[in-house]
Amino acid sequence: EADGCPVDQFRCADGTCINYDLNSGEVTDTNYCINKETTEAYENACPPFQPFRCPGGLCAASSNHCPKTTYGPAADTCPEVEVKLLDGSYMLKTYPVMCSDGSCVDSEAQCPRLHACIDGYVRCGDGSCRSSESLCPSDNTCPSEKPFRCSNGMCAPTIDYCISPVSATGCPCQANQFDADGIYCLEGKEKVKCRSSILGGLCGTSSTTCISSEDDYLRPNGCNFTAPYKCWTGECKVSASACLRDNGCPQGLPSRCGDGSCQINSTMCAGYTAATGAKACGDGTTYDPSVAGNAASCSTYTRCPVSTPYRCADGTCKKYRAFDLAITDSQVLKSALSTDIFPETCEPQLVCPSHKPHRCADYSCAISPDQCPPVFTCSADTPYICPDLSCAANSSACAVTDSCPTSSPILCPDGSCRDNLALCSSEEIAPRCNSAQVSCFDGVCRNSTFECIEYSYLVHSPSQTSMDIPNINANLDVCPTAGNTKMAVCSDGSCVPFALMDLLCPPAPACPASHPHRCPDSECVTDSTQCSVSSLICSGQYQACPDGTCRDACAPFDGCAGNKPYYCPSNAATLQGQCVASSAECSSSSNPSSLAVHPEGFEMGDFTMLVATSRIPPTCTGPNCNRDVPVSTQVFEVGSNDVSHGIAVSSFDLSVRGEIIIPGGAIVSSGQTTFKVEQVSDSQLNEGVNYVHRSRQGDFDSGTFSMEQTVLSPAFKCVASQDPFSLQIQYRARLDNAQLINPEEDKKDICLATIVPASKAWVCVAEFVEERNDQPIVNTTESRLVGKGSGLFQSCLDENGDQLIYAFAHIPAQSSVSESKGNLFYIIQIIVVLCVIGALSLVFGIAWWTNRARQYRIKMKEVQAQNAKVDEQIQDMKMYGGGLGNAGKNEEIDMVANPMVVKFKGLQEQIQEYKEKNWLL
């Protein structure tokens, strides 16, 4: 056969020949190898003593024995090759995944399993196992960057990087310490993993070899060895005694006085009172807003100067929060950001959480150094391991990057790299504001988003003492331009590139239920009568925005604003959780008798949600709705393995409310393979309309659902380097009202849905009834799945290239006519239509037959008149007609017909024919 196997066998990806019944039709060729349908296929599985399959296909004792190589990205990049297409033509293609054996494939799942050859066989250069070296082909299929074929099938730069088939650590043998066959390490000559809290897992001659190199790397907390202690403010100090106290005062002056100064005790604060009109800085001191430039003298909550307000993961202060350049596809913008913004942006740094306090050499975190994977050492001339696992002379020689290492891919705003999005929130350094306040960029709790923006304006405009709201475009006139990059202000007062405002600015927050009315100046109050201003009038070219500013285009916002600034509470029956013009509208819709507490209590955090009767769609209200959990804009590098990333974490309990699961091979591209998720604001969701199908309109009081009644989970947008994807991507999320929608059956009225950009209509991704039935959201008693939904999607864009918004939604499914429940209205509609059609048909039928009868009656009268005329002629003939002529006795009789008799007979024949022709007989 062409594959080198006997006629009745098939060659698997690892080169093994197995028996395969081509007529079975039960499994595909590749699955036949993996599923071990024959005894020969056992050789394609990892052996019992190495049962774990590592990424790339290598078999190991456990995940802690999967090696991390330090050859660098170039050694693991597949070259461009020419491939033949089905139509016979050729094209150039770069496969995205290089397996451990040096082969290149579309998905990591296609990598063959690698383990030692069975006894009596040798490993050939092409990766196959043969009974004799003399039977091996002459070609070596390893790439040029790692040309040596190890006994376990891996490709490596030299034999010194090969791993023994019976390795106890996953590390290679020490230099020149292999047996004569180049397969096993000599006794006691296998490298071991270093037991370090900074370089855990690094392979060396002893468990302490790497300790001498620890000072070259940051500590697990992000600090360096000269200032290893991290204070509560995020500063790195020599020791805890050098840190400030909780109130921001130094250890020697522990008491904070009224004017913001620190004294040795409270007694010494006498006379130190705040000046009239003074306002608080983030660090506890005060400033006088009436003095131009005074606002810029403040420090932030984390004790950074307000000009560089962000405390970074490495303890430094920078001007801008961290973000990934891959957030934009524009190369021009990337170039400008690299020059204008990134020198003043927090750099990505690995920071380990308290529950995983040990830093591994592969830039991951572990419970103990023993849990770190084995990491190959670098050469003596390039000993430093960079975040991309390449080798360099020192940290400064590593390639500059704005992204996190693959083992800790989540980039937090302070630059810390994490393996879990929840850690960005749980370890954030910020004050706790009351429900009616907002947290500003400097860490101060203020009464409105406008106050945050106004303070930012005063910091960046030191000659001003107030903000001329109507004539200032907050999009461009608050934050100064950085180089050639225009900057915009967010609702919290922070500055971001104007081109990325929708991606990097958090939406203006919604007003809480305790203060449900948003005033024109963005302050949240209990009722419109408490607003300090009744309206915001902007100059002609600008519009009034929910954050209290004037802009040429308003930034995204959550909650209620504009002509519907009031948020209806849960006791408003038909309008609960919706935005209206005033509290009076909520009161007029209230009907306490129609409300009922769910029989099971339906606890949502610290409140019990009230829901209306079945004709009113349930609406989540309160501080713990999944719908209100924001998605964090993130960019993920998609590798060859299946990956799962949390994209929405609740600040209420730090739980993950939404996650993306990307299978290996789902996204394939010639360049960088990425998947980006983007935040979606309430103002964007409110543009969607949820139309209830006509077969279900009888079940509800309205033919449409509001946004609050529709959206049940965190919503997101996305961008991928390949679209549509090669494989479907999964979105899994916690759902609001899961117990209340279809309570006694599968959740047929809940689906993963999207807003169609052209029509702004909500539709299920599985649009047809049959497709929805194939992807049900089911009731379950399994606690880890209660209130969760899972759905698949194939693309981030529609056919016109417009971005789609995804979320789980309450979209009542079309009813089947055969079902009795909920179909009465639909059946009545059908009956009425049939009756109308029948009545019209009857009327047309009667009219047609009446017209035909009238025509026949006229015809009959004509025939009767003709018959009367004929009868009259017959009577005349009888009276005057002749018989045969007379003849004498002895004379010859000459028979001559009488002409009248002949005519009479002719008339009788005509009458008979006429009657037959006109159906008169």
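The chain exposes about 45900 Å², and carbon and sulfur atoms supply 53% of this area. Accessible areas come from the Shrake-Rupley method with a 1.4 Å probe; for residues, only the protein chains shown count as cover. The model is predicted: local features need pLDDT of at least 70, side-chain atom pairs count only at pLDDT 80 or more, and totals for chains, interfaces and linings use all residues. Residues are numbered from 1 along each chain as its sequence is written, and side-chain values use heavy atoms, with hydrogens and water left out.

Of the 921 residues of the chain, 45% count as buried. Buried means under 20% relative accessible area, exposed means over 50%, and partly exposed lies in between (1.4 Å probe, protein chains only). The chain holds eleven helices and 55 strands. Helices (H or I, at least four residues) and strands (E, at least two) are DSSP runs, numbered from the N terminus.

Four strands form an open sheet in the order 45-46-51-54, with antiparallel pairing. Strand 45 (643-649) and strand 54 (788-793) stand at the edges; each has a single partner strand, so one side of each lacks a neighbour in the sheet. The twist averages 20° from one strand to the next. Here axes are lines fitted to C-alpha atoms, for helices over the stretch in contact, and angles run from 0 to 180 degrees between N-to-C directions. Two strands pair if DSSP finds at least two bridges between them. Strand 46 (residues 656-662) and strand 51 (residues 729-734) run antiparallel and are joined by four bridges. Gly658 stands opposite Ala733 in strand 51.

Leu654 is found between strand 45 and strand 46. Its phi is near 60°, a positive value in a residue other than glycine. Leu654 counts as partly exposed because its relative accessibility is 34%. A cis peptide bond joins Asp723 and Pro724, with omega about 0°. Pro724 lies in the loop between strand 50 (716-720) and strand 51. Most residues other than glycine have a negative phi, and most peptide bonds are trans.

Leu389 also has a positive phi, near 65°. Leu389 lies in the loop between strand 26 (384-385) and strand 27 (391-392). At 15% relative accessibility, Leu389 counts as buried.

Strand 5 (residues 80-84) and strand 6 (residues 90-94) pair in the antiparallel sense over five bridges. Glu82 has Leu92 in strand 6 as its bridge partner. Five residues lie between the strands of this hairpin, where Gly88 takes a positive phi near 95°.
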